[in-house]
Amino acid sequence: MTEVTPKPKLLLSPGRQIAALIVLALVLAAALIGGIAWQQGAFSGREQIYFIADDVFGLAPGTTVRMSGFRIGKIQTMELQGDLTVRVTLSIDAEPFSHLRSDARAVVIREQLRPASIDLRAGSAKTPMAPSDPRVAYARRGTLTDIADDFRARIAPILDDVKQLTAVARERKGDIDTIVENVGTLTHALAETGKHVQALSAEMRTRAAGLGSQSEVAMVEANRSLVRLGGLLGQAEKSLDMVNAKLPTLLDKSENMLGNLDAVLRDSRTISAAAATGLPPLLRAAPPLVDESREMMQGLRQSWPLRTMLPPPPPTQLPIDSFNSHDSNALRQPPPR
């Protein structure tokens, strides 16, 4: 049998091995630098915005800038101004910059166990961020220490007031006991007053119930009176109808009666006129007849037979006005014949 001889392995020389290691290191370094640059946004478009702060405590170049919880940039520079304010320049991605409005603001968030960061809020104005002056407002959210300091500043005056009130209450303990005793007495008096008020309310309810029943009876009587009044009004209406029916006839009769009366008055005027023409001669003839009658009667009186047959003349009656000027016996006794 023939023996196969193995081929010898190729081995790098030490110089080549060192060169290969150097090349590998350079490739790894370039990859690391490229990854860091990519992470820092070196291969994407960048935009810069800034804000002015009175205090940048806890901030430094490289502080993370977030929007909606995502990292979009960092603090690039911090410059002290002449009025002791600080101009903080932020470097952010170009794509989030297009969403910023004119009322955008940067809020500094500092937690106790986490590094400070900046929360960039886009705003809600209608006008976009001006590229010529990309300034955003600045605000700072308080930490637990700030909240505690603020709480202590607010609660300290209240505690001082409580201490003063406690001291005053301790000094006025006797007065407070008296006030408590008076309050107890007043409470007892109020309880008695409440009982009287309840009794009065019960009596008022009883009287109100009596008044209600009386009012109901009065309403029934009023309804009856209204019914009777309705009947009377109906009768009055019927009477008025009868009067209206008979009134024309009565008016006609009255008109006839007035006509007859007018005729009688005309006749009376005619008779009066006729009497006026015949009465003066008659009146002129009456005095001689009266004189003859007087003479005849005087002659008859002088003859004694007729004198005894005629009755005595009636007593002369004096007028009422002469009672005081004549004797009362002369009024009772008749005059001599």
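**Exercise 1.** Which residue in strand 4 does F51 stand opposite?

*Solution.* The structure is a predicted model, in which local features need pLDDT of at least 70, side-chain atom pairs count only at pLDDT 80 or more, and totals for chains, interfaces and linings use all residues. Residues are numbered from 1 along each chain as its sequence is written, and side-chain values use heavy atoms, with hydrogens and water left out.

Step 1: Strands are DSSP runs of E with at least two residues, numbered from the N terminus. Strand 1 covers residues 46-53 and strand 4 covers residues 86-93.
Step 2: Two strands pair if DSSP finds at least two bridges between them. Strands 1 and 4 run antiparallel and are joined by 8 bridges.
Step 3: In this pairing, F51 faces V88.

**Exercise 2.** Find the other partner of strand 4 described by its bridges to strand 3.

*Solution.*
Step 1: Strand 3 (residues 70-80) pairs with strand 4 in the antiparallel sense, over 7 bridges.
Step 2: I75 stands opposite L90 in strand 4.
Step 3: The two strands form a hairpin with 5 residues between them, and L84 in the turn has a positive phi of about 70°.

**Exercise 3.** How many aromatic pairs does a search of the whole structure find?

*Solution.*
Step 1: Rings of Phe, Tyr and Trp (its six-membered ring) pair if their centres lie within 6.5 Å; planes under 30 degrees apart count as stacked, over 60 as edge-to-face and the rest as tilted.
Step 2: The search finds 1 aromatic pair. F51 and Y138 are stacked, 5.0 Å centre to centre with 10° between the planes.
Step 3: F51 lies in strand 1 and Y138 in strand 7 (residues 137-141), 87 residues apart.

Key. Buried < 20%, exposed > 50% of the residue type's maximum accessible area, 1.4 Å probe, protein only. Helix = DSSP H or I, 4+ residues; strand = E, 2+ residues; numbered from the N terminus.
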